[in-house]
Amino acid sequence: MLHSLIRRHFKLLAVVLLAGVALSTVVAEKEIPLTKFSQDVGGYGATMTFLYCYSCGYRKAFDDYYNIIREKYPEITIRGGNYDPSGFNMLLSKVLLITKLLLIIALMSNYDISRYIGNRFAPWWQWCFNNKLYASMMIFFLGNTIEAQLISSGAFEITLNDVPVWSKLETGRFPAPQEMFQIIDNHLQFTNKIEPNPDFVK
């Protein structure tokens with residue numbers, strides 16, 4: 001019964017799915033996804049924001065910087081979130097996400113799309129139709145792999161009070177701890193609100 005219901009309303013489901021992904025994209029562009037460390041507010045003083053490539057495995061690097069900065073500058077608020085690349089790659093990853101989900105829904109609902117994809121791909125779809133579970137898993141994981149490659153920006157961008165202070169996209173490397181301390185000191189030299197922790201050991 002569920003399969004027949006999905007088959008009858010497949011186009012409606014596709015439109016709803018497309019609208020949902022588009023809405024989530026708009027919301028994601030307006031809000032920076034923050035990590036758990038974003039809740040640690042220093043109360044007053046400066047705010048340092050890290051936008052990093054999560055799919056590149058840079059979350060650990062952010063954790064390391066968070067620890068050393070909070071140790072020396074405990075009153076600085078530190079925020080972190082995923083860096084979403086703009087442009088064609090981001091758009092293509094969204095299209096791929098929609099296509100992946102639609103193909104899986106079509107398979108699970110026994111909806112035949114061979115008339116839409118042409119005779120050239122009909123044998124491939126027939127194979128997927130005969131191996132629904134394996135084909136769905138293959139489409140899901142292959143789609144995720146391609147999406148991750150598309151949005152892997154290699155970014156590790158740092159701002160202090162909304163002023164860019166470091167860009168891995170421009171420098172090609174992470175800042176050394178002493179470089180980071182120097183950057184913070186230089187940008188905060190005109191204020192007496194932030195003082196280094198006197199017990200910090202270099």
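Is Phe156 buried or exposed? Phe156 counts as buried, at 1% relative accessibility; the cut-offs are under 20% relative accessible area for buried, over 50% for exposed, and partly exposed in between, with a 1.4 Å probe and protein chains only.

## Before you dig in

You're looking at a predicted model, where local features need pLDDT of at least 70, side-chain atom pairs count only at pLDDT 80 or more, and totals for chains, interfaces and linings use all residues. Residues are numbered from 1 along each chain as its sequence is written, and side-chain values use heavy atoms, leaving out hydrogens and water.

Helices (H or I, at least four residues) and strands (E, at least two) are DSSP runs, numbered from the N terminus.

## Strand 1 and its partners

Let's start with strand 1 (47-52). Strand 1 runs parallel to strand 2 (residues 77-82), and 6 bridges join them; two strands pair if DSSP finds at least two bridges between them. Across from Leu51 you'll find Gly81 in strand 2.

Thr49 sits in strand 1 and counts as buried, at 14% relative accessibility. Setting aside neighbours within four places in sequence, Thr49 is in contact (heavy atoms within 4.5 Å) with Arg79, Glu157, Ile158 and Thr159.

## Rings in pairs

There are 12 aromatic pairs in the structure. Rings of Phe, Tyr and Trp (its six-membered ring) pair if their centres lie within 6.5 Å; planes under 30 degrees apart are stacked, over 60 edge-to-face, and the rest tilted. Phe50 and Phe62 make an edge-to-face pair, because their ring centres are 5.4 Å apart and their planes stand at 65 degrees. This pair links distant parts of the chain, with Phe50 in strand 1 and Phe62 in helix 3, 12 residues apart. Both Phe50 and Phe62 are buried.

Phe156 pairs edge-to-face with Phe174, at 4.9 Å centre to centre and 70 degrees between the planes. Phe156 is in strand 3 and Phe174 in the loop between helix 8 (168-171) and helix 9, so the pair ties together parts 18 residues apart in sequence. Phe174 is partly exposed, at 28% relative accessible area.

## One side of helix 9

Which residues of helix 9 (residues 177-187) are buried? They are Met180, Phe181, Ile183 and Ile184.
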